[in-house]
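Here is a friendly walk through one protein structure, written to be read with the model open beside you. Take a moment to get oriented, and then we can look around together.

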Amino acid sequence: MSAVTISKLFKSYGSSEVIKGLNMDVREGEIYGLLGPNGAGKSTLIRVILGLLPYEKGEVLLFGKPLMENLQKLSKEINALPEFFEPYSWMKNIEYLQFFADLYGADRAPVRIRSLLESVGLDPNDNKVVGEYSQGMRKRLGLARALVNRPKLLILDEPTNGLDPKGRREIHDLLLNINRNNKTTIILSTHILDDVERLCDRIGVLDNGLLQYEGALHERTEQQHYRYRFEISNKDFDAKECEGEQIRFISQKESWVECEITNITPNEALKSLLNKGIEINQAVALEGSLEHLYFSVTGGEK
């Protein structure tokens, strides 16, 4: 089943047409990356899916049900974390989540709220008010708030914006755990392409009011090869261990190894290396990357 199905959607602001007959399909249980330049209509599309914005024409289905006719019921199955999120600064973390649990009619039992805080890496015994939280802690609290009603669909707008690399990686891990453990469908709207490459199963690239591309990350790439640089953590590592029928070793500098991948996707290459016992800390695309795909469909220049 699809979590979100949109057919021939039109939305205008006055005489300005923002969404122009858009079709979209988000599969249940996947992490879907929504990309597009500023002004492409991403925020408008998110507000439509959340039922916050009416539209002129088209059909929006959530889990097979028409959105507007079932809005009250469906609103209990979805939640969102906006880009600019400010918690109520005078509350403590448990008070804050219990407040929103009451709004949703969700379980507010202390044991459940404490478990939810722990699941996003926050200490339920922390006596600080949330106004004293760092930006990374606020993002975590926002995720906990968005999960308070156990949503089947979670929509996130720039969830790692403004975080340092360590904070971004921690949010990545949280989102992967939420998706895998709770079977939660996630729509991730972001301009950070590394977030998309690490997290998303499929993507939609929105430009000029339409999805110019929807599918797997590397499905559209015309190139049959990719060049990647991997950071290896194995001690006494022989870089030629990376060699395989579809992976060619190019060069090594300290812990970084550069390889050319042919006729398989980067994800398949990564799994192949991991199966050989090669421990990889980072993978950086040099050619054939999501960046090439993004600019090719939006008409931009690299």
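What follows is a short tour of cores, a loop, a helix, and charged pairs in this predicted model.

Let's begin on the inside. In soluble globular proteins, nonpolar side chains tend to be buried together. The largest nonpolar core here has 44 residues, and the members that touch the most others are Leu 97, Leu 141, Leu 143, Leu 156 and Ile 203. Both domain 1 (2-216) and domain 2 (225-298) supply at least three residues to this core. There is also a second, separate core, with 31 residues, including Leu 34, Val 48, Leu 62 and Ile 78.

Setting aside its neighbours within four places in sequence, Leu 97 is in contact with Ile 113, Leu 116, Leu 117, Leu 141, Ala 144, Arg 145 and Val 148.

## The loop between E6 and H3

Next, move to the loop that runs between strand E6 (78-81) and helix H3 (93-104), where you will find Tyr 88. Pro 87 sits in this loop too, between E6 and H3. Is each of these two residues buried or partly exposed? Pro 87 is buried, because its relative accessible area is 7%, under the 20% cut-off. Tyr 88 has a relative accessible area of 32% and is therefore partly exposed.

Not counting residues up to four places away in sequence, Pro 87 touches Tyr 96, Val 130, Arg 138 and Leu 141. Leu 141 is also among the residues with the most contacts to other members of the largest core. The C-alpha atom of Pro 87 is separated by 9.8 Å from that of Tyr 133, which is 46 residues apart from it along the chain.

## Helix H1

Helix H1 (residues 42-49) is largely enclosed by the rest of the structure, because 6 of its 8 residues are buried. Those buried residues are Lys 42, Thr 44, Leu 45, Ile 46, Val 48 and Ile 49. Val 48 also belongs to the second core. Just after H1, Gly 51 takes a positive phi of about 80 degrees.

## Salt bridges

Side chains of opposite charge can pair when their charged atoms come close. How many salt bridges does a search of the whole structure find? The search finds 12. One of them joins Lys 128 and Asp 126, with the closest N and O atoms 3.0 Å apart. Lys 128 is partly exposed, at a relative accessible area of 32%, whereas Asp 126 is buried, at 16%.

Arg 198 and Asp 173 form another salt bridge, with 3.1 Å between the closest N and O atoms. Arg 198 lies in helix H7 (residues 193-199) and Asp 173 in helix H6 (residues 165-182), so this pair ties together parts that are 25 residues apart in sequence. A further salt bridge brings together the side chains of Arg 229 and Glu 258 (3.5 Å, N to O). This pair links distant parts of the chain, strand E11 (residues 225-232) for Arg 229 and strand E13 (residues 256-262) for Glu 258, 29 residues apart. Arg 229 counts as partly exposed, with 31% relative accessibility, while Glu 258 is buried, at 13%.

Conventions:
Residues are numbered from 1 along each chain as its sequence is written. This is a predicted model: local features need pLDDT of at least 70, side-chain atom pairs count only at pLDDT 80 or more; totals for chains, interfaces and linings use all residues. Side-chain values use heavy atoms; hydrogens and water are left out. Helices (H or I, at least four residues) and strands (E, at least two) are DSSP runs, numbered from the N terminus. Buried means under 20% relative accessible area, exposed over 50%, partly exposed in between (1.4 Å probe, protein chains only). A nonpolar core is a set of buried Ala, Val, Leu, Ile, Met, Phe, Trp, Tyr and Cys residues joined through side-chain atoms within 4.5 Å. Domain bounds come from an automatic or database domain assignment. Contact means heavy atoms within 4.5 Å. A salt bridge is a side-chain nitrogen of Lys or Arg within 4 Å of a carboxyl oxygen of Asp or Glu.
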